Amino acid sequence: MSSKPLPLDQVSVVEFCSTAAGPFASMLLSDMGASVIKVEPPNGDGLRQWPPLTEGFSENFASLNRNKKSIVLDLKNDEDNDIARRLVLDADVLIENNRPGVMERLGLGYPQFAAERPDLIYCSISAYGQTGPRADEGGFDLTIQAAAGVMSVTGESDGAPVKCGVPISDFASGLYAAFAVTSALVRVRAGGNGAHIDVPMFGCTLGIAALQTSEFFGTGLLPRRLGSAHPRNAPYQAYRAADGFFAIAAGNDGLWREVCRVVGRDYLVTDGRFLTTADRASNQHSLKELLEAVFETQPVDYWIGAFAKARVPHARINSYDAALGDPQTRHMGWIKELQLPGGRTTQTFASPLKFGGESFEIRSRPPLLGEHTKEFRDAYSRRQPDLNRVSTRSED
């Protein structure tokens with residue numbers, strides 16, 4: 001992006017997080033210009049140990065921790081705990097993803113800041129929320145996908161439950177958290193108070209399942225595993241061609257007619273089993289057999305070209321090398337070079353957003369564990385908290 005101010009310039013964030021959901025939330029804020037100080041325990045964020053390792057540095061960690069500074073504090077040590085408290089008192093936002101009660105026991109909970117800093121935005125990400133019968137339980141993406149129903153609708157109809165291949169509970173929760181924080185910032189900037197934001201991964205995962213929960217509420221029937229098919233649309237799934245698979249999504253009558261034309265089966269338009277979208281969804285097994293009998297006569301490339309010409313939404317079943325090498329990915333400039341602390345350059349998927357046609361650049365590499373500890377330890381051992389909350393950003 002140009003030298004114009006970024007949307008969250010002058011916003012300071014202190015992160016007490018590990019692994020995925022919390023670090024992703026604070027990285028989204030940092031992409032938008034927020035200054036993020038990542039407070040890590042002496043052994044660091046556990047994600048630092050996840051392979052692949054390049055010169056000993058985790059590329060997984062790098063993908064979620066650009067544009068941040070790292071400070072190591074032992075929060076059970078009084079002096080370090082005092083520095084952490086001063087950092088928070090200087091900040092606009094705190095994000096943490098510990099089990100409920102942990103931050104309070106350390107003297108860093110929301111109630112311990114609320115009176116002194118009523119404008120503080122304090123965001124807590126946890127497995128099940130800050131209160132309730134399951135609040136004390138921990139959780140990871142797998143267990144939340146299981147608990148929130150995702151695994152009950154993922155996979156083939158006759159197969160075992162499987163999780164979504166992308167950790168959607170972690171990252172959806174991070175998105176909810178970043179959205180909630182920016183919403184609260186609007187209120188604070190308008191003169192209102194901050195808030196303690198409760199981000200339960202369980203609830204966030206149920207929240208993005210709006211189509212599944214509404215199906216249950218509306219019919220009393222449980223959504224089920226359908227592979228790549230859709231409960232209310234057809235043809236709308238992956239199909240087998242002569243040399244592999246591809247997907248089409250003909251989600252309305254006009255697109256359905258185009259599918260029939262492309263496969264040379266115009267008579268299917270008037271077939272009583274397929275007259276409406278609901279009819280086609282109800283009879284999609286028969287429809288799949290009819291269509292695949294044609295699709296298997298030609299390779300994937302043929303059908304991709306045919307459906308592109310007919311303007312029927314379609315896609316190859318891309319592996320990640322194909323998706324990252326897609327012409328649209330290159331055009332949008334989403335893959336950026338990222339320097340690792342050892343000096344090696346890798347690549348990362350940067351923010352996919354543009355503001356006014358301009359993308360968000362990576363301003364600084366992911367930090368070494370505790371790389372900025374001395375900087376902040378020296379600063380906060382010499383002074384009282386700055387309640388005007390001057391930005392902690394400094395040039396690398």
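Mentor: Let's begin with helix H1, whose buried residues are Ala21, Gly22, Pro23, Phe24, Ala25, Ser26, Met27, Leu29, Ser30 and Asp31. That makes H1 a mostly covered helix, with 10 of its 11 residues buried. After H1 comes Gly33, which has a positive phi near 115°. Please keep in mind that you are looking at a predicted model. The average pLDDT of the protein chain is 93, and 95% of the residues score at least 70.

Within the largest nonpolar core, which has 30 residues, Ile95 and Ile125 touch the most other members. Two or more residues of this core come from each of helix H1 (21-31), strand E6 (93-96), strand E7 (121-126), helix H7 (168-189), strand E8 (195-200) and H8. H7 gives the largest share, 6 residues. There is also a second, separate core of 25 residues, with Tyr239, Phe246, Phe274 and Phe295 among them.

From the core you can move on to an open space. H9 provides the largest share, 6 residues. In total the pocket is lined by 27 residues, and those nearest its centre are Gly149, Val153, Ala209, Gln212 and Pro223. Sorted by class, the lining holds 15 nonpolar, 9 polar and 3 charged residues.

Two further residues are worth a visit. Phe349 belongs to strand E13 (residues 345-349). Is Phe349 buried or partly exposed? Its relative accessible area is 38%, so Phe349 counts as partly exposed. Not counting residues up to four places away in sequence, Phe349 touches Arg66, Leu324 and Trp334. Phe349 and Ser63 are 286 residues apart along the chain, yet their C-alpha atoms are separated by 7.5 Å.

His372 sits in the loop between strand E15 (358-359) and helix H16 (373-382). With a relative accessibility of 9%, His372 counts as buried, because the cut-off for buried is under 20%. Leaving aside neighbours within four places in sequence, His372 is in contact with Lys68, Lys69, Ser70 and Pro367.

Now step back to the whole chain. You will find 16 helices and 15 strands in it, and its C-alpha atoms fill a box of roughly 80 × 45 × 40 Å along the principal axes. Of its 396 residues, 45% count as buried. Among contacts between residues at least 6 apart in sequence, 70% join residues at least 24 apart.

One stretch calls for caution when you read the model. Over residues 387-396 the pLDDT stays under 50, and the model has 29 contacts beyond four places in sequence for them.

Terms used. Residues numbered from 1 in each chain as written. Predicted model: local features only at pLDDT ≥ 70, side-chain atom pairs only at ≥ 80, totals over all residues. Heavy atoms only, no water. 1 Å grid on protein atoms, 1.4 Å probe; cavity = no way out; pocket = protein on both sides within 12 Å on 5 of 7 lines; lining within 4 Å. Helix = DSSP H or I, 4+ residues; strand = E, 2+ residues; numbered from the N terminus. Nonpolar A, V, L, I, M, F, W, Y, C, P; charged D, E, K, R; others polar. Core = buried A, V, L, I, M, F, W, Y, C linked by side-chain atoms within 4.5 Å. Buried < 20%, exposed > 50% of the residue type's maximum accessible area, 1.4 Å probe, protein only. pLDDT = per-residue confidence, 0-100. Contact = heavy atoms within 4.5 Å.
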